Amino acid sequence: MEPSAEETLVERARRGDPAAFESLVLAYQTLAFRVAFVIAGDAAEAEEAAQDAFVKAHRALGRFRTGEPFRPWLLTIVANEARNRRRAGGRRVALTLRAAAEHGAAGEDPEATVLATERRERLLVAVERLRESDRDVLVCRYFLDLSEEETAAALGIARGTVKSRTHRALARLQEELA
Amino acid sequence: MTPLELELRDLAAHLEIPTSPSLAAAVRARVVRRRHRRRVLALALAACVAVLAIAFAVPASRASLLRFFHLRGATVSLVDKLPPLTPRLTLGEPIPLRGASSFRLLLPSERRPEGVYAGDGGYWLRYPGLLLFEFEDGAGGSVLKKAALGTGKVEYVDVDGEPGIWIGSRHALYLPGGPPRASGHALIWQHGPLTLRLEAAVRLERALAVARSVR
């Protein structure tokens with residue numbers, strides 16, 4: 001969404017325009033759900049977390065600073081909700097790969113496909129074995145393609161910490177795979 | 001980007017992430033519910049303020065508030081003791097039925113009042129055995145306040161989808177600036193921007209029939 005269009009919608013939503021807030025929900029619901037899902041690891045929990053996050057964001061619109069980007073602010077709320085559910089659940093449901101049949105392209109060498117799938121499975125298992133803080137930063141940066149600023153907002157850490165933690169997590173992941 | 005980072009990016013495309021459900025309707029419903037709850041809370045607070053105002057307005061009665069009923073333009077509180085009541089002496093300044101009121105007066109179907117009076121922040125319409133009082137909400141101190149005995153029959157009613165209160169017992173009527181007056185059975189209800197009060201020695205069903213015929 002264009003920053004100016006987003007700013008207009010946020011301003012209208014702050015003044016109590018329900019249609020404007022609904023436009024923001026429609027624009028960000030997929031991202032919110034994906035963020036919640038990769039953190040909580042469960043679709044039902046993710047849906048609830050994303051929904052709660054939007055309701056909380058609506059309630060907190062009065063405290064939102066005009067001119068600030070809405071997306072990282074929303075991601076902070078979504079990630080908090082998802083982390084709270086993960087904590088309450090007491091366990092983390094690991095991410096999985098889609099069924100091989102779905103990503104084996106037609107005409108591809110079946111053996112190469114199997115090898116690639118095995119490699120991906122190994123990599124995913126290694127990511128899930130990392131400590132939570134390392135796993136989350138990699139998930140945000142590489143699985144969700146969030147910027148450093150958005151990752152910092154989602155995880156509630158400084159941008160510099162995102163850099164250092166990403167570096168450390170990649171090194172640990174490399175060790176896991178060795 | 002290192003090969004490992006490229007592999008992570010590639011992995012993202014192969015993750016089993018369910019399609020996002022549509023959240024807009026659920027969020028909208030919850031936001032509306034919350035707004036409604038806040039409005040109800042605000043109304044409850046306003047009602048509390050109104051009740052406290054009544055309590056302070058009738059210190060002579062030393063009445064204990066037992067319960068209250070609230071409409072946009074009127075509050076009825078149940079008390080354990082009514083204040084000393086004075087009979088009504090006048091309804092106000094006589095005016096013609098049309099043209100002199102600040103809004104179009106509503107009339108029960110096919111009935112013309114015997115007299116129309118401007119007073120007490122609204123308009124009185126006098127019929128045989130029936131008094132109708134009409135006022136616009138928020139028209140500066142034109143809020144009705146009533147105190148009824150806790151043992152009396154007071155209930156919320158529906159008048160063609162608009163909220164109303166029925167007082168099926170003798171009660172005290174407080175009008176702006178005046179002493180508490182004795183009143184018989186009364187039905188108070190909202191009608192668009194107006195609040196109407198019908199007073200007559202009738203049962204609820206008859207009062208509702210008259211109220212529903214008002215146009």
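User: How many salt bridges does the rule find across the interface of chain A and chain B?

Analyst: This is a predicted model, in which local features need pLDDT of at least 70 and side-chain atom pairs count only at pLDDT 80 or more, while totals for chains, interfaces and linings use all residues. Residues are numbered from 1 along each chain as its sequence is written, chains are lettered from A and ligands numbered from 1 in the order in which they are written, and side-chain values use heavy atoms, with hydrogens and water left out. A salt bridge is a side-chain nitrogen of Lys or Arg within 4 Å of a carboxyl oxygen of Asp or Glu. Across the interface of chain A and chain B, the number found by this rule is 5.

User: Which residue of chain A forms a salt bridge with Arg30(B)?

Analyst: The closest N and O atoms of this pair are 2.6 Å apart. The partner of Arg30(B) is Asp52(A).

User: Which helix gives the most residues to the side of chain A that touches chain B?

Analyst: Helices (H or I, at least four residues) and strands (E, at least two) are DSSP runs, numbered from the N terminus. The elements that give two or more residues to this side of chain A are H2 (18-40), H3 (43-60), H6 (110-129), H7 (132-143) and H9 (159-177). With 11 residues, the one that gives the most is H2(A).

User: How much area do chain A and chain B bury between them?

Analyst: Contact means heavy atoms within 4.5 Å, and 39 residues of chain A are in contact with 27 residues of chain B. Buried area is the accessible area (1.4 Å probe) that two parts lose on being put together, summed over both. Of this area, 64% is on carbon and sulfur atoms. The total is about 3,300 Å².

User: Is Leu95(A) buried or exposed?

Analyst: Leu95(A) lies in the loop between helix H4 (70-89) and helix H5 (100-103) of chain A. Beyond its neighbours within four places in sequence, its contacts include Phe37(A), Val38(A) and Leu15(B). Buried means under 20% relative accessible area, exposed over 50%, and partly exposed in between (1.4 Å probe, protein chains only). Because its relative accessibility is 6%, Leu95(A) counts as buried.

User: Which residue of S11(B) stands opposite Ala172(B)?

Analyst: Strand S10 (residues 171-174) of chain B is joined by 3 bridges to strand S11 (residues 181-183), and the two run antiparallel. Two strands pair if DSSP finds at least two bridges between them. Opposite Ala172(B) stands Ala182(B).
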